[in-house]
Structures are given as structure tokens and as C-alpha cells.
Amino acid sequence: MVNLAIIGGGPAGYTAAELAAKAGLSVLLFEKEALGGTCLNLGCIPTKTLLYSAKQFHNALHADKYGVTAENVSFNYAKIVQRKTKIVRKLVAGIKAKLQDCTVIQGEATILSRTTDKVVIACANELYEAERLLICTGSDNFVPPIPGIADNPAVWSSTDALAATELPDSITIIGGGVIGMEFATLYMELGVHVTVVEALPNILPNIDHDIIDQLRSKYEKAGVTFITSARVQAIEGNTVRFRRTDATDDESLQADKILVSVGRRAHLPCLDNLPELRLERGTIVVNEHMQTNLSNIYAAGDVTGKIMLAHVASRQAQVAVNHILGNTDEMHYDAIPSVIYTNPEIACVGLSETDALLNANAVIRKLPMTFSGRFMAENEGENGLCKLIFDNQTQTILGVHMLGNPCSEFVAVAAMAIETKQTVSQLEKLIFPHPTVSEILKEIV
């Protein structure tokens, strides 16, 4: 019997396995596909790799803004995809190297039984016993019940889009959330005609309204068409039929491909023999230690339905392992940074302006990113935005929202300030290197 069994080798699973093994626990990790999970194989890393190539091409086309002439600029999309695959394979190999002190079982695990003393798991015709179990089975693309979506060769999921080695001339993206907008960025910068259809009144719900307005305006000038407040009624071949919320008749549009990106749902394939496990809205309920209502079963990552981000999953795994080891640790969600890899990037942490305004003491400050000399030097023609939210009574920082490259690289400073309840004056005293774009955080306080 091992100390800990983990089902799922994504960011939560492999992080937990590595930490537990380093602490001296015996660990079994079950993974039915490739180590790294969705993030590494079908999400974060592949998309960012493709996006970087697209940005390089876009920058070359517009190099004249910086006094540089580039002629006959072109790209080879098949080679771009090959590079993406190479990077993913290298990172998967790196995870395998980190897990040398764990036993990794390739195959789909099934929970057979559970008592307070042990959990019995079957995989590849073998039985395994563990004192504790950590469930990290991740999430799947949500496929909405739209007529004509199934078995339609014109319809792509994000997985299909990442696997494609050729670009369509035009694409309709159903869903203007994070995934949809990152793919819109990729295709826009590579010259594909992009239309985004979103059921809500605007793209990127929950993102700061000033940021959305700037980004949407820039993308529309670049040729992207946004159709918001519109629900897709059906897909017929490569035609999308939709209806606006204030209309009674359907409209339609055609494109070579249709990308469906309307969110993800927890993947819970192995719980049939755990009827006592508490679920809510298709996710596993956990406490602040990532422990379920069954004392020796924990869960981390997308299956908990908290915030479906890889860095959240990794931190949840750390909390779970620490609790198993008897160490004091709790999961908090007040200072989770999030990044959207559009061009320019969006980075946010803490309270939004809408939520903050429910607090009578909230103060909101705005600055264009051009108050940073480094930003001006490297982002010709861009304004960007930095928005700071703090409590006027306590002076503690409540939220930071930014639009501009490369805000993803320093949003962690704002996250740390919120997590440690830093005040405006404390952040003002922090010494930032000059010249960096991060100095915008000092300028705004």
C-alpha cells in the first residue's frame, strides 16, 4: 500500500506527486494520456507557442513603426505547428524527469472501493491500494447542444484547431471568452478573416470594461467582426445561424471553419463507486485544505470548479499535500492573477471595478501604460491601461487590472501586494528597476 495515489497527471497531479515524493511519501500517479494534462498538451503551452509565432510575424509586418524595413515577410504554418509540438514534447519529458521518485502508471484508473483506511484503484488489469487519494482529472471542452455541431467536419474544438497544420481563409469563433479571444488573436495576426459570436453583451465577461473597450476597438480596426448579444441557433455545414437578443429573425454567416469555444466542464469519470462523495454543479466539493467530505480523499484542479487555471491547480495541489503531511496551509482565492494572451496582453488580479464599487470606501485610479518609458519605447502607437483599486479607509490594495505588453510578467507583484494586504504607501516604497514596464505600478500609486 502506498501513502498517496493521484489520478490525473496535469498541473495539479504532477505538482502533488513531486511535492509528496520529495517529502518522503510513496506515490502512485495514474495518467491515461500524456503527462502535463490539458494545459501542457492541449491548452496553455501550445496556444502560447502558436501565439508567439503569430506575434513575430505581426511585428515583422509592422516593423516600419520602429524604423525597420522588412520585405517579403511570410510564414510557414506547418513549421509553426511543428515547433509547437517540439516544445510540448520537451516539456513533457521534463515532467517525467521530475517524477523519478514516483511510480507513474499509464492507463485509465477506476476507483473500486474506499474505507477510512484505504482506497482501492484498478488500472491496466492491476489493483492498487493507497492510504489517501487525490483526484486531479481536469476538465473537458464543453460542447453546447447546438443542432448541426456533431460530426460536422467544418466544426473545430480548440483541440482540433491546435492540431491543424493549415490555416482556413476565414473562421467563425463561437464564444468570446478567454479561449475564443486568444484564438481570434492567433488567426487575426496570421491574416485569417475572423468573426466572433458571443451570447453575452460583450466579449471577455468579468474583465474590466475599460480594458475590453480598448481591446475590442483595436481588434475591430484590424478587421475582426464581433457579433454580441447573439445566440447560435444551428450550424448547417459551414454556416452559422444565429439570432440577436433584440431580434425575432435569424441571421447567418459562413466561414471555412467554425471554432466552438464556450468553456470547459469538470471531467469526473471515476466516481461511480464513491456515491458518498459530495458534488455540486458537476464539481467536487472541497474545504480550504482541498479535502472532500471523505477524510482520505482530496481533489485539486479543474474538478473543484473553483478557478480553472493551471497555476490555481498547482497551488491547490500544494495545499492538499501540505495538509496530508500535517502542515498548516489553506487555499485562498482573493489574489489569483489571471492573464489573457491577446495582443496586447491583459492581466488582472483582485477585485474588479464593479465589485469594488459595492464598497463605499473604494478608490479607483487609472493611468495609461505610456507613463512607463519602457512601454513607450517598445509599444509604438499603443496606450494601454493600468487601473488600481484600493480601500480609502485602510489604504490596502484591492485590485489591479492592466492592458499592455508585457503586463503578464509583473502582475505577480500586484498579486503579492493583495495577498499580503499591502497598502498604497508600502507599494510606493518598493524599488522597481528602471526602465521597466512594471514601474507603472509605482507610477499609479
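H311 lies in helix α8, which spans residues 310-324. The model described here is predicted. Helix α3 (residues 44-61) comes within 9 Å of helix α4 (residues 77-98), axis to axis. The axis of α3 also comes within 9 Å of that of helix α6 (residues 178-189). A search of the whole structure turns up zero disulfides.

- H311 is partly exposed, because its relative accessible area is 40%, which falls between the limits of 20% for buried and 50% for exposed.
- Setting aside neighbours within four places in sequence, H311 is in contact with I336 and P337.
- F375 is 64 residues from H311 along the chain. The C-alpha atoms of H311 and F375 are separated by 27 Å.

**Helix α3 with helix α4**
- Two packed helices are described by the angle between their axes and the distance between the axes.
- The axes of α3 and α4 cross at roughly 140°. The two helices are therefore oblique to each other, as an angle must be over 145 degrees to count as roughly antiparallel.
- The crossing of α3 past α4 is right-handed.
- On the α3 side, the contact is made by I45, P46, T49, L50 and S53. On the α4 side, Y77, I80, V81, R83, K84, I87, V88 and L91 meet them.
- The residues of this contact divide into nine nonpolar, two polar and two charged.

**Helix α3 with helix α6**
- The axes of α3 and α6 cross at roughly 35°.
- α3 passes α6 in a left-handed crossing.
- α3 contributes T47, K48, L50, L51, A54, K55, F57 and H58 to this contact. α6 contributes E182, F183, T185, L186 and E189.
- Six nonpolar, three polar and four charged residues make up the contact of α3 with α6.
- L50 of α3 is listed in the contact with α4 and also in the contact with α6.

**Cysteines**
- A disulfide is a covalent bond between the sulfur atoms of two cysteines.
- Zero disulfides are found across the whole structure.
- C386 is in no disulfide. The nearest cysteine sulfur belongs to C407 and is 8.9 Å away, whereas a disulfide needs the two sulfur atoms within 2.5 Å.
- C386 is buried, because its relative accessible area is 0%.
- C39 also counts as buried, at 17% relative accessibility, because the cut-off for buried is under 20%.

Notes
Residues are numbered from 1 along each chain as its sequence is written. This is a predicted model: local features need pLDDT of at least 70, side-chain atom pairs count only at pLDDT 80 or more; totals for chains, interfaces and linings use all residues. Side-chain values use heavy atoms; hydrogens and water are left out. Axes are lines fitted to C-alpha atoms, for helices over the stretch in contact, and angles run from 0 to 180 degrees between N-to-C directions. Helices (H or I, at least four residues) and strands (E, at least two) are DSSP runs, numbered from the N terminus. Angles under 35 degrees count as roughly parallel, over 145 as roughly antiparallel, 65 to 115 as roughly perpendicular and the rest as oblique. A crossing is left-handed if the near helix is turned anticlockwise from the far one by less than a right angle, and right-handed if clockwise. Contact means heavy atoms within 4.5 Å. Ala, Val, Leu, Ile, Met, Phe, Trp, Tyr, Cys and Pro count as nonpolar, Asp, Glu, Lys and Arg as charged, and the others, Gly among them, as polar. Buried means under 20% relative accessible area, exposed over 50%, partly exposed in between (1.4 Å probe, protein chains only).
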